[in-house]
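Here are a few notes to read with the model open beside you. Take them one at a time and find each spot as you go.

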Amino acid sequence: MSLLKSFLLLVCLGACTVSNAIAAKGPSDPAGALATLADQYYEAQARFDPVYSATLVGDNRFDADLPIGIAPAERDRRFAMYARVQKQLEAIPRSRLGEEDALTYDMLALDVRTRLGFRRFKDHLLPLQQMDSIPLQLATFAGGQAEQPLKTVPQYEAFLQRIERLPEWTGQAIANMREGARIGVVQPRAVVTAMLLHLRALGSDDVAANPFGAPIAKMPASFSTTDRARLADAYMRAVTRHIAPAMRRLVAFLEKDYLVASRESVGWSALPDGAAWYRQWVRSQTTLDLSPEEIGQIGEIEVQRIQLELRNVAPRLGYEGDPGRFLSWIRTDKRFTSFRSETEILDRYRAINARIQASLPKLFLHAPTAALDILPEPELTRATASDHYALPAEDGSRPGVFWAVIDDPATYQATKMTALFLHEGQPGHHFQMALQQEMHLPQFRKRAWINAYGEGWALYAETLGKEIGLYDDPVAYAGELQLEIFRAARLVVDTGLHAQGWSRQKAVAYLMDTVGLSEAQSTNQVDRYLAWPGQALGYKLGSLKIQYLRDRAQKQLGPRFKLSEFHDLVLSEGALPLSLLESRVELWIQKTCR
């Protein structure tokens with residue numbers, strides 16, 4: 001049996017199964033007890049972590065809150081809550097639940113068990129990295145275009161209240177990092193250097209230059225003169241007297257103390273109990289129980305497969321040189337980097353969107369109600385960001401957003417734009433996340449983000465360009481293969497760094513040779529994997545799973561298979577662990593066969 005078939009078999013057997021242990025006696029109304037517990041669980045999560053578990057997923061009820069969740073006592077309270085929920089859930093007899101409630105039961109059990117799996121590891125001692133730490137996230141909110149709305153006076157007051165707690169949060173972060181340095185739980189030096197690039201700007205006393213001063217400059221004209229003056233003064237004082245000094249203290253600590261204590265090693269396995277810690281990250285980010293070695297081997301197989309396809313498409317672009325240099329040639333050839341301005345790039349994305357929009361009814365029975373906008377990534381986070389998607393506001397006041405990272409228009413690659421938009425725009429993240437937002441589900445499911453499902457769906461969505469003729473253009477098809485081999489190479493690099501002892505230099509060289517990235521691009525990506533262990537694994541593993549389920553359904557159903565029905569099925573219950581997604585597809589196949 002081939003390694004890839006072995007992988008698919010492991011996935012199909014449901015590596016993340018849920019225990020069916022049932023208490024001898026359960027509540028008289030199991031469905032009602034489950035609904036209550038699920039609601040209480042979501043509410044507790046949102047209060048413990050209102051930035052990432054509420055604001056970022058569209059729940060704006062807690063936009064004024066910033067609890068110090070990284071404090072050891074708060075962390076202990078959160079894990080105690082998970083343990084209580086797990087115990088209460090086990091008292092509910094799953095066998096007495098209907099199909100929909102049983103799915104909620106399984107998802108809650110999996111979620112709590114995964115979170116409890118991190119209890120033994122000292123994650124609170126690593127409160128900062130360059131990708132999504134609290135100071136950077138709040139600075140992004142300050143621009144007014146992100147998930148925390150800044151359009152009304154109460155919204156301005158809520159955000160002010162939230163950022164006024166940032167100095168307390170940074171004080172706790174410094175205390176945590178001191179303790180981490182004492183026991184050897186510290187970030188790699190490359191991660192510390194990368195996050196300093198962003199944090200220095202947050203310490204500026206020049207309110208016009210400090211990102212936290214943006215609400216003053218962007219205050220809506222609809223505010224009264226009194227409110228404008230009052231809020232401008234309050235934000236000015238918050239930035240100059242509290243936030244900027246706190247950020248300078250944080251930067252000084254990182255430069256003088258933490259950078260010296262940071263480690264030369266890069267992989268997670270170099271940390272105390274690091275190998276087990278990385279395995280927990282893998283389980284969390286993939287919803288599978290595959291070993292790092294198995295995942296790395298799957299990546300190598302996929303890289304080889306995609307390289308063969310790249311050799312086939314190269315002559316169609318006029319390339320006849322060394323096949324190993326094809327991707328580097330695409331990146332540097334002037335035919336594929338002809339943009340002169342940011343506006344020109346955004347207009348190209350809008351044209352791609354219009355073409356996709358016209359073809360979506362062929363692929364889906366349902367589409368999100370929310371619109372999709374296309375905007376350039378804010379300058380603050382542009383240096384280390386990747387193109388990404390942000391949820392729309394539930395009240396319709398803000399559309400979903402595809403954020404395009406445009407550093408230099410003259411070097412922006414046209415080849416990848418179609419596949420990238422299919423992934424980050426529609427029908428990738430926008431269809432999955434905006435549709436989920438519109439569903440009538442328990443709150444913890446409605447707000448759920450499951451990496452392997454969400455990124456797996458988005459990577460699978462890139463392949464749908466074939467269905468609607470977008471890849472008849474060999475340039476666009478080569479771009480799709482560029483992105484796909486990149487996601488396959490991530491399986492090799494992430495596991496190489498964190499489980500196989502790879503150096504940062506070896507990982508950078510591998511991406512340059514295999515994916516054709518520049519040294520700067522490769523370094524940026526490797527540092528991302530150092531900050532987010534296991535996150536990069538979800539894309540390819542999730543996509544392989546969805547493609548496998550589609551192939552299986554087509555084989556089993558023959559002429560009764562409808563692609564639009566399959567897509568709606570995959571998206572119909574929101575984010576799911578891959579084992580539960582497979583169970584739903586198998587049940588659908590059985591029902592359709594009857």
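**Notes on salt bridges and a helix pair**

1. Start with Arg182, which makes a salt bridge with Glu179, the closest N and O atoms lying 2.8 Å apart. The term salt bridge is used here for a side-chain nitrogen of Lys or Arg within 4 Å of a carboxyl oxygen of Asp or Glu. Before going on, keep in mind that this is a predicted model: local features need pLDDT of at least 70, side-chain atom pairs count only at pLDDT 80 or more, and totals for chains, interfaces and linings use all residues. Residues are numbered from 1 along each chain as its sequence is written, and side-chain values use heavy atoms, with hydrogens and water left out.

2. Where do Arg182 and Glu179 sit? They are three residues apart in helix H7 (residues 166-183), so about one helical turn separates them. Helices here are DSSP runs (H or I, at least four residues), numbered from the N terminus. Arg182 has 63% relative accessibility, so it counts as exposed, while Glu179, at 30%, counts as partly exposed. The cut-offs: buried is under 20% relative accessible area, exposed is over 50%, and partly exposed is in between (1.4 Å probe, protein chains only).

3. Now hop to helix H4 (residues 99-116), where Arg115 and Asp111 lie four residues apart, about one turn of the helix. Their side chains meet in a salt bridge too, at 3.0 Å from N to O. Arg115 is at 30% relative accessibility and so counts as partly exposed; Asp111, at 24%, also counts as partly exposed.

4. Asp59 and Arg61 pair up through their side chains in a salt bridge (3.0 Å, N to O). Is Asp59 buried or exposed? Its relative accessibility is 4%, so it counts as buried. By the salt-bridge rule, the count comes to 36.

5. Last, look at helix H23 (residues 538-557) and helix H24 (residues 563-571): their axes come within 11 Å and cross at roughly 135°. Axes are lines fitted to C-alpha atoms, for helices over the stretch in contact, and angles run from 0 to 180 degrees between N-to-C directions. H23 and H24 are therefore oblique to each other, since angles under 35 degrees count as roughly parallel, over 145 as roughly antiparallel, 65 to 115 as roughly perpendicular and the rest as oblique.

6. Which residues meet there? Ile546, Leu549 and Arg550 of H23 touch Leu563, Phe566 and His567 of H24, where contact means heavy atoms within 4.5 Å.

Methods: Helix = DSSP H or I, 4+ residues; strand = E, 2+ residues; numbered from the N terminus.
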